[in-house]
Amino acid sequence: MATSKSCPACGRKVPEDARFCPYCGYKLCLEDEEFVVIEDVKELESIVKELQNYLPAEWSCKVDKKRKRLKFEISLTGSFLAFSIPQRVRGFLSLEMLARLEEALKVFEHEVGVKLVKDEITPSWTIVGFPPTLYYKVYRISKRSKEN
Ligand SMILES: [Zn+2]
């Protein structure tokens, strides 16, 4: 069976041998590079440890062992922040928090040499205006090994 990979830019499934994403045109990897998905829990945990230095205070991150993904949730600090403002403006704060997280992850990706791809969003809007829980798939960017 032909396997498929996800585009790191838009997250859609693309053919394994695609060099460019057919949806958004993203160059999928350099000539001699490839994205290798990390699903080893120990490896994911060490990535979470590194990530702590980059993560905005209003977010927390841990490994979802069952999904083999990074799980991002609003932290205690984030909850206090959200509760300290009126409910009607929490949606705005939520967008700000999401933007800050994405910004931090970009820096992390660049410095650590991994690619984080949003995989699943759980709209756990149990509290009005709070950011949802996000799941990210992690890819290591590695040199393509020569076959044969
Ligand atoms: Zn794409």
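Of the 148 residues in the protein, 21% are buried, where a residue counts as buried if 20 or more other C-beta atoms lie within 10 Å of its own, as exposed if 12 or fewer do, and as partly exposed in between, with C-beta atoms placed from the backbone. The structure is a predicted model, in which local features need a pLDDT of at least 70 and side-chain atom pairs count only at pLDDT 80 or more, whereas totals for chains, interfaces and linings use all residues. Residues are numbered from 1 along each chain as its sequence is written. The pLDDT, which is the predictor's confidence in each residue on a scale from 0 to 100, averages 85 in the protein, and 88% of the residues score at least 70. Confidence is lowest in strand E1 (residues 4–6), with a mean of 78, and highest in helix H1 (residues 41–51), at 97.

The protein contains 3 helices and 7 strands, these being DSSP runs numbered from the N terminus, with at least four residues for helices (H or I) and at least two for strands (E). Along the sequence they follow the pattern β-β-β-α-β-β-α-α-β-β. Two residues are taken to be in contact if their C-beta atoms, placed from the backbone, lie within 7 Å; among contacts between residues at least 6 apart in sequence, 49% join residues at least 24 apart.

Strand pairing, which requires that DSSP find at least two bridges between two strands, links E4 with E5 in the antiparallel sense over 6 bridges. Within this pair, Trp59 has Ile74 in E5 as its bridge partner, and Val63 stands opposite Leu70 in E5. The two strands form a hairpin with 4 residues between them. Lys68, in the loop between E4 and E5, has a phi near 60°, a positive value in a residue other than glycine. In general, most residues other than glycine have a negative phi. Lys68 is partly exposed because 17 other C-beta atoms lie within 10 Å. E5 also pairs with E7 in the antiparallel sense, over 3 bridges, and here Lys71 stands opposite Tyr135 in E7.

The largest nonpolar core has 17 residues, and those with the most contacts inside it are Trp59, Cys61, Leu70, Phe72, Leu101 and Leu116. At least two residues of this core come from each of strand E4 (59–64), strand E5 (69–74), helix H3 (90–112), strand E6 (114–122) and strand E7 (133–143). Such a core is defined as a set of buried Ala, Val, Leu, Ile, Met, Phe, Trp, Tyr and Cys residues joined through C-beta atoms within 7 Å. In soluble globular proteins, nonpolar side chains tend to be buried together. When residues up to four places away in sequence are not counted, Leu116 touches Leu70, Leu105, Glu109, Tyr136 and Val138.

Helix H3 has Ser94, Met97, Leu101 and Leu105 as its buried residues, and these pack against E4, E5, helix H2 (76–83) and E6. The expected span of a helix is 1.5 Å times one less than its number of residues; the 23 residues of H3 should therefore span 33 Å, which agrees with the 32 Å separating its end C-alpha atoms. Just after H3, Gly113 takes a positive phi of about 80°.

Several further positions bring together residues that are separated along the chain. Tyr23, found in the loop between strand E2 (13–15) and strand E3 (33–38), counts as partly exposed because it has 13 C-beta neighbours inside 10 Å. Apart from neighbours within four places in sequence, Tyr23 is in contact with Cys7, Cys10 and Arg12; the C-alpha atoms of Tyr23 and Cys10, which are 13 residues apart in sequence, lie 7.9 Å apart in space. Glu43, in helix H1, likewise counts as partly exposed, with 13 C-beta neighbours inside 10 Å, and its C-alpha atom is separated by 9.9 Å from that of Val63, 20 residues apart from Glu43 along the chain. Lys143, in strand E7, counts as exposed because it has 9 C-beta neighbours inside 10 Å. The C-alpha atoms of Lys143 and Phe35 are separated by 8.8 Å, although these residues are 108 residues apart along the chain.
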